[in-house]
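This report covers a metal site and a domain interface.

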Amino acid sequence: MYALPKLPYAYNALEPVIDAATMEIHYTKHHQTYVDKLNAALEGQVELQALAIEELLVSNAVPAEIAVAVRNHGGGHYNHSLWWESLSSLEQPPSDALRERLIGAFGSVAAFNEQFTAAATTLFGSGWVWLVQEKLGGLKIVSTANQNTPLTDGLVPLLGLDLWEHAYYLQYQNRRADYVTAWWKIVNWQTVEGRIRYT
Ligand code: MN
């Protein structure tokens, strides 16, 4: 059985960027529902239930009749588990080592920010924008629809931005660009850097 991870801070910790009501509903309702529906889909699937969520999402053993539920609700559980850990009220900038990686991939940190923001403000429908690491180590920006995750494309998710309206609509309504701009202030760059894989 999968379970909601512990939130690493209080609901109001990310104010004013994300208000406490949005955090509480997002965590206790939306994320909880992904967990509940994933567990319901996996009822009786003892071997699949024993997998780590990262393993489940790329497993070839998922029966066709529950593949969509696993992709949607398993993806939702995984993406949101990363999401809470990716945020912080500490406002720490990326380390010099991470900045070097971003400069290597995008030309400058500002260019990375611009490209990511452009992808986030133009994404159509519900989904996520990600900074990912490719198999050979390079960084790039990708978008995923719904709760699809870069994991299933063989990419390592380093940082994801939740662009479902449930992530921001209570506070920002239709002003998605304002949400994206404010969100940069609460990225936990230490966690992002810790997800980089070295070979
Ligand atoms: Mn969400």
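## Metal site

Donors are N, O and S atoms within 2.8 Å of the metal (3.2 Å for Na, K and Ca); water is not among the atoms, so sites may look incomplete. The model is predicted: local features need pLDDT of at least 70, side-chain atom pairs count only at pLDDT 80 or more, and totals for chains, interfaces and linings use all residues. Residues are numbered from 1 along each chain as its sequence is written, and side-chain values use heavy atoms, without hydrogens and water.

The donor residues of the manganese ion follow the spacing H-x53-H-x81-D-x3-H in sequence. H26 lies in helix 1 and D162 in strand 3 (residues 156-162), so this pair ties together parts 136 residues apart in sequence; helices (H or I, at least four residues) and strands (E, at least two) are DSSP runs, numbered from the N terminus. The donor atoms are NE2 of H26, H80 and H166 and OD of D162, at 1.9 to 2.1 Å from the ion.

H26 is buried, at 2% relative accessible area, and D162 is buried at 0%. Buried means under 20%, exposed over 50%, and partly exposed in between (1.4 Å probe, protein chains only).

## Domain interface

The domain assignment gives domain 1 (20-85) and domain 2 (96-194); such bounds come from an automatic or database assignment. In contact (heavy atoms within 4.5 Å) are 19 residues of domain 1 and 21 residues of domain 2.
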